[in-house]
Amino acid sequence: MKDFIAGLPKCELHLHIEGTLEPELKFELARRNGLELPYASAEEMRAAYAFDDLPSFLKIYYEGMQVLRTEPDFYDLAMGYLRRAAEQNVRYAEIFFDPQAHTSRGVPFDVVIRGLRRALMDAEARLGVRAQLIMCFLRDFQAEYAMATLLESLPYREWIAGVGLDSDEKGNPPAKFAAVYERARQEGYLLTMHCDVDQDNAVEHIRQAIEDIGVDRIDHGVNILEDQRLVETVLARGIGLTCCPISNGHVTDSMKAEGIRKLMDLGVRVTVNSDDPAYFAAYVQENLEALQNALQLTRQELAQLERNAFEITWLPRHRKDAYLAEINAYVS
Ligand code: HPA
Ligand code: ZN
């Protein structure tokens, strides 16, 4: 099964580029930028990764990314991820970035997006991995800052497929960003947002995302199983869910494998992704292996998870069909 998963053409739809910053690259960027890190080695840094909920993870995540300063830093970050992705036979990725996590500490938006964009172009040419960017707003910052970031992104509109919402969900419901999302839609962005697992008011947040905001996709979202009517709505609208089993295991009590199984059985377009692989020590291959192991998934079910993913990408129909044909060729 491990080999079958390795050869399967894969799609990654829930991946924070800042969450791919491996300790080795952190040390390299710290050296380049003349910064001191409070660890003696990459191993020591990894050993200090201790989190058991979303806030404790986010603290380490934001601390870690402070070594990212220049355009080449962002290029190296994205290129490092895309190389790993290519090794795992990820054929296509939609990649989140958090501009406010950088602009809030003085790194210009332009520096962030130019570095990422250049890596995406090079990866497509050299590695054959295609990718697009999704700009996330930090929900624990004010809505006004999100709106300003949206306006700042407009000169780069063609480089960004859509917008997302991440960071600490507690007390930061989708409704807080209704005007920002309305404007994003007017500008032609596609819409997704995190509805993290087992958060306060999780089901109400999912309801707002679907019914009030009108998202095209939901990131995480397994708590939708607690509301039959919302499940029917995502089925009717074909809204996909980007689940992250190993991430779930780090920030909640479990991988939520049974919930993912239920969503699959209901016919919801559920997908398997890695979220923050440098912190959770698992890229998409390892996430699929873990879920396969927990649920005894068949080859057909594994292939279906990847079909779901290509189906809910923000690609034109002909590109989706080309990737789906790759899966069919592999499975047969
Ligand atoms: N949830 C919320 N914010 C995040 C995450 C996540 O899974 N990863 C990085 N920022
Ligand atoms: Zn996430």
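A: Here is a short talk through a predicted model, beginning with the whole chain and ending at a single residue.

Q: How many helices and strands does the protein chain have?
A: The protein chain has 17 helices together with 9 strands.

Q: What share of the residues count as buried?
A: Of the 332 residues, 57% count as buried, and the accessible surface comes to about 12,900 Å², with 49% of that belonging to carbon and sulfur atoms.

Q: Switching to charge, how many positive and negative side chains are there?
A: There are 36 positive and 53 negative side chains, and the centres of these two sets lie 5 Å apart.

Q: Which residues does the "coiled-coil region" annotation cover?
A: According to the unreviewed UniProt entry, that annotation covers residues 281-308. In the model this span is 79% helix and 0% strand, with its end C-alpha atoms 24 Å apart.

Q: Last one: where is Q199, and is it buried or exposed?
A: Q199 sits in the loop between β6 (194-195) and α10 (202-213), and it counts as buried because its relative accessibility is 17%, where the cut-off is under 20%.

Q: What is Q199 in contact with?
A: Leaving aside neighbours within four places in sequence, Q199 is in contact with L54, E169 and K170.

Conventions:
Residues are numbered from 1 along each chain as its sequence is written. Chains are lettered from A and ligands numbered from 1 in the order in which they are written. This is a predicted model: local features need pLDDT of at least 70, side-chain atom pairs count only at pLDDT 80 or more; totals for chains, interfaces and linings use all residues. Side-chain values use heavy atoms; hydrogens and water are left out. Helices (H or I, at least four residues) and strands (E, at least two) are DSSP runs, numbered from the N terminus. Buried means under 20% relative accessible area, exposed over 50%, partly exposed in between (1.4 Å probe, protein chains only). Accessible areas come from the Shrake-Rupley method with a 1.4 Å probe; for residues, only the protein chains shown count as cover. Lys and Arg count as positive and Asp and Glu as negative; His and the chain ends are not counted. The place of a charge is taken as NZ of Lys, CZ of Arg, CG of Asp or CD of Glu. UniProt positions are given in the numbering used here, feature names are shortened, and annotations may be inferred rather than shown by experiment. Contact means heavy atoms within 4.5 Å.
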